[in-house]
Amino acid sequence: MKIGILGAGPFPNHFIPLFQAHPLVEEVVIAERMAERRDAACKKHGIKRAFDNFDDLLASDVDAIGVYTQRWTHAPWAIKAMRAGKHVFSAVPAAISLEELEELIDTVKETGQLYMLGETTWYEAPTILARKLNRIGAFGDLVYGEANYCHDMEHGFYPPYQIANGDEWKQFASFPPMLYPTHSVGQIVGVTGQPMQKVSCFGQTDNHEDAIFDSELSYFDNAFSNETGLFQASGGASYRANEFRRVSGVAPLIVQGTKGALIDRLWMRHDRTNCDFTEQLIIKPQALPEDWAEQKAQGAQDDFLGGVSATHDFERLPPTFNGLSNGHGGSHHFLADDFVHMVSREQTPVLNVWTAARMCAPGIIAHQSALKGGELMSIPDFGPAPADLTIMDIEQEAGKDVIFPDLVAV
Ligand SMILES: NC(=O)c1ccc[n+]([C@@H]2O[C@H](COP(=O)([O-])OP(=O)(O)OC[C@H]3O[C@@H](n4cnc5c(N)ncnc54)[C@H](O)[C@@H]3O)[C@@H](O)[C@H]2O)c1
């Protein structure tokens, strides 16, 4: 297959080498309107075909498109690509309004094209472990959970906005935290599969001297740099999701049930015996990419580097991925492989448009709740994927849900 990449900023730089190394991929083509970025990507990845606009990429013979444009722009490009007969991989978030989500789902249904959301937490070690524990019932009934995306503006966030958005960058850097909810809400959905039904959310008005989160200036009329939502999911469990852009430190995943709880790296059984999963979850860093200095100049930070953990099932990946740069907790290799298999098998992936809606709609409503001072609001559910679709879930196909059996035993 041939894959087209829309947008050649820092993030797709991690994925292009993986697509190129995949045995089922013949060529990677790019479209990037900034000449400097386009030329740099061609040089770095040995790309032979590069366009300066999306229409030319759509008119080309690529089978599928990876949408890697700015955070608030993904849905319209994904819709346009599917309408042009291309399958789609979308960087997160899938959409920033309920209307966009609805149109994305309608487009998938109408065109029959395949859509995958590239949510990185899905394949991060704590999510994989918690999802597998949940699948075998080790939590019992789910009670409570917490997930967090703590990314301070000063932690490598200025350059991506500045480089891609020119003099107007401050307007866009105020992107509302809860409109980017997939690393927190989406991580919980990635463990439980439960749709969120209600939310009450609070926003913290920013007062930093950089004056980014100024509602007068903001393209999104947004003054909140931090948002905290308390959600109730189907089944009755409550979850807290934090989307923070002005904060110190990071916070771990917590999932508590009636029979067991995963508190960061500690598995706590109902009988109060504990087991430490640190060895299984720890990411062992790989070698630095050759262009690491260049990546750092574009805002990359040391903790953006990926690696490998004992929780990841690397046997399912093509051997040609061995030694290639990874990222976001080891997730890039799995997302790239899922996408290629989705196109090759012509099957709806587990990170499909309905999963994407369950990750994004709660954040969209949470932001509305925050604007109303925390009002309790209902979250519409776009449902699971239609029952007549065969869902491709390579993790489940591997049949390795019983993970670290000696440690999990109740
Ligand atoms: N962990 C994660 O899942 C994760 C991490 C980083 C980034 N992301 C997502 O990936 C996306 C890309 O990230 P990035 O840092 O590379 O973004 P970026 O904003 O630096 O780059 C976007 C690029 O798209 C190009 N572009 C936009 N519209 C175009 C068009 N119509 N035609 C041609 N080129 C166009 C821009 O010129 C720019 O170079 C972001 O939207 C972000 O949401 C996800």
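## His-151 and its surroundings

His-151 counts as partly exposed because it has 19 C-beta neighbours inside 10 Å. Under the rule used here, a residue is buried if 20 or more other C-beta atoms lie within 10 Å of its own, exposed if 12 or fewer, and partly exposed in between, with C-beta atoms placed from the backbone. The model is predicted: local features need pLDDT of at least 70, side-chain atom pairs count only at pLDDT 80 or more, and totals for chains, interfaces and linings use all residues. Residues are numbered from 1 along each chain as its sequence is written.

His-151 is placed in the loop between strand S7 (142–150) and H7. Helices (H or I, at least four residues) and strands (E, at least two) are DSSP runs, numbered from the N terminus. Leaving aside residues up to four places away in sequence, His-151 touches Phe-157 and Arg-245; two residues are in contact if their C-beta atoms, placed from the backbone, lie within 7 Å. From C-alpha to C-alpha, His-151 and Ser-248 are 8.5 Å apart in space, although 97 residues apart in sequence.

## The chain as a whole

The chain has 15 helices and 19 strands. Its C-alpha trace spans about 60 × 50 × 45 Å along the principal axes. For 410 residues, a compact globule would have a radius of gyration near 22 Å, and the 20 Å of the chain agrees with this. The radius of gyration is taken over C-alpha atoms, and the globule rule is 2.2 Å times the number of residues to the power 0.38.

Of the 410 residues in the chain, 47% are buried. Among contacts with a separation of 6 or more, 74% are between residues 24 or more positions apart.

## The shell around the ligand

The ligand is surrounded by 25 residues, of which the closest are Gly-7, Gly-9, Phe-11, Ala-91 and Ala-164. A residue is near a molecule or strand if its C-beta atom, placed from the backbone, lies within 6 Å of it. Helix H7 (residues 158–165) gives the most to this shell, with three residues.

Ala, Val, Leu, Ile, Met, Phe, Trp, Tyr, Cys and Pro count as nonpolar, Asp, Glu, Lys and Arg as charged, and the others, Gly among them, as polar.

Helix H1 (residues 12–21) is mostly covered, with seven of its 10 residues buried. These are Pro-12, Asn-13, His-14, Phe-15, Ile-16, Leu-18 and Phe-19. They pack against strand S1 (2–6), strand S2 (27–31), helix H2 (35–45), S4 and helix H12 (332–345).

In helix H4 (residues 74–83), the buried residues are His-74, Ala-75, Ala-78, Ile-79, Ala-81 and Met-82. Seen down the axis of H4, they fall within an arc of 160 degrees and therefore line one face of the helix; the arc is that of the directions from the helix axis to the C-beta atoms. Their cover includes helix H3 (54–59), strand S4 (64–67), strand S5 (87–90), helix H5 (98–111) and strand S6 (115–117). Just after H4, Gly-85 takes a positive phi of about 85 degrees.

## Helix H6 and its partner H9

H6 is also mostly covered, as 10 of its 11 residues are buried. The buried residues of H6 pack against H9, strand S11 (254–257), strand S12 (260–263), helix H10 (278–281) and helix H15 (405–408).

Helix H6 (residues 125–135) and helix H9 (residues 185–192) pack at an angle of about 35 degrees, with axes 7 Å apart. Axes are lines fitted to C-alpha atoms, for helices over the stretch in contact, and angles run from 0 to 180 degrees between N-to-C directions. H6 contributes Thr-127, Ala-130, Arg-131 and Asn-134 to the contact, and H9 contributes Gln-187, Gly-190, Val-191 and Thr-192. The contact residues divide into two nonpolar, five polar and one charged.

## Backbone exceptions

Most residues other than glycine have a negative phi, and most peptide bonds are trans. A cis peptide bond joins Val-92 and Pro-93, with omega about -5 degrees; Pro-93 lies in the loop between S5 and H5.

Asp-221, which is not a glycine, has a positive phi near 50 degrees. Asp-221 counts as exposed because it has 12 C-beta neighbours inside 10 Å. Glu-346, likewise not a glycine, has a positive phi of about 55 degrees and lies in the loop between H12 and strand S17 (348–349).
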